[in-house]
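Here are my comments on the model, as numbered points. Please read them with the coordinates open.

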Amino acid sequence: MTLVFTLFSQEIEDFVLEIKADNKSTFKDLLRLINDHCHYTEDEGQRFLVCDDDWKVTAHVMKRDDGTTGFEEDVYLMDHSQLRDLIEEEGQKMAYVFDPQGKRILLLEVTDMEFGDSKVTEPTVTRRHGSAPLQVLEEETPAIIKGNPTAETEEDVLSEEDEVEEDELDMEGFTIDD
């Protein structure tokens, strides 16, 4: 059977991917396809959240489970879990956590199930519109570098006119408490 997913973002209104995948494909296969098409680097914390109709999480599909997740829901491993293990019906909802540090997600919904022999051997993007959200937001860059877009290190942030002369400092005004 072939599953048709529609992937979209709440951040970027005009971004949509339509993905066809054989139900025997793994979640790892789906992860690779999404990362490739969205230009994301793979991150250990990326995961899929299988949801009910109200977007309540019912299962986590992770790269690995070290036993410390603390999730009340079931935990599955991407390499070993096929889509058919968790996708049961048309309209099934999932979220893909692509930026674990920022806790940002893409939403997926099964919009069609094509029965019969699958002509799709691996997940494939069949339609694309717009650009995916950036994996790392600008706000996540260090604050000291933000003011100077060409700065690569903290030393690059101060311009020559911003440099401070030692004789301008009043060292008596600075105290260090233990």
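1. A term comes up throughout, so here it is: two strands pair if DSSP finds at least two bridges between them. Note also that this is a predicted model.

2. Start with β1 and β7. Strand β1 covers residues 2-8 and strand β7 covers residues 104-114. Seven bridges connect them, and the sense is antiparallel. T2 lies opposite E114 of β7. T6 has E109 in β7 as its bridge partner.

3. Next, the other antiparallel partner. Strand β6 (residues 93-99) runs antiparallel to β7, with six bridges joining the two. Together β6 and β7 make a hairpin. Four residues separate the two strands. In that turn, K103 has a positive phi of about 55°.

4. Eight strands make up an open sheet with mixed pairing. The order is β5-β4-β3-β6-β7-β1-β2-β8. At the edges stand β5 (74-77) and β8 (124-129). Each has a single partner strand, so one side of each lacks a neighbour in the sheet. On average, neighbouring strands of this sheet are turned by 25° against each other, direction ignored.

5. How many aromatic pairs does the structure hold? There are three. Take F27 and F48. Their ring centres are 5.5 Å apart and their planes meet at 55°, so this pair is tilted. Are F27 and F48 buried or exposed? Both are buried.

6. Y40 and F98 also form an aromatic pair, and this one is stacked. The distance is 4.7 Å centre to centre, with 10° between the planes. Here too, distant parts of the chain are linked, 58 residues apart. Y40 sits in the loop between α1 and β3, whereas F98 is in strand β6.

7. Y40 has a relative accessible area of 7%, so it is buried. F98 is at 0% relative accessibility and therefore counts as buried. The cut-off behind both calls is under 20% relative accessible area.

8. Last, the ring cluster. Which residues do ring pairs link into a cluster? They are F27, F48 and Y96.

Definitions and conventions:
Residues are numbered from 1 along each chain as its sequence is written. This is a predicted model: local features need pLDDT of at least 70, side-chain atom pairs count only at pLDDT 80 or more; totals for chains, interfaces and linings use all residues. Side-chain values use heavy atoms; hydrogens and water are left out. Rings of Phe, Tyr and Trp (its six-membered ring) pair if their centres lie within 6.5 Å; planes under 30 degrees apart count as stacked, over 60 as edge-to-face and the rest as tilted. Buried means under 20% relative accessible area, exposed over 50%, partly exposed in between (1.4 Å probe, protein chains only). Axes are lines fitted to C-alpha atoms, for helices over the stretch in contact, and angles run from 0 to 180 degrees between N-to-C directions.
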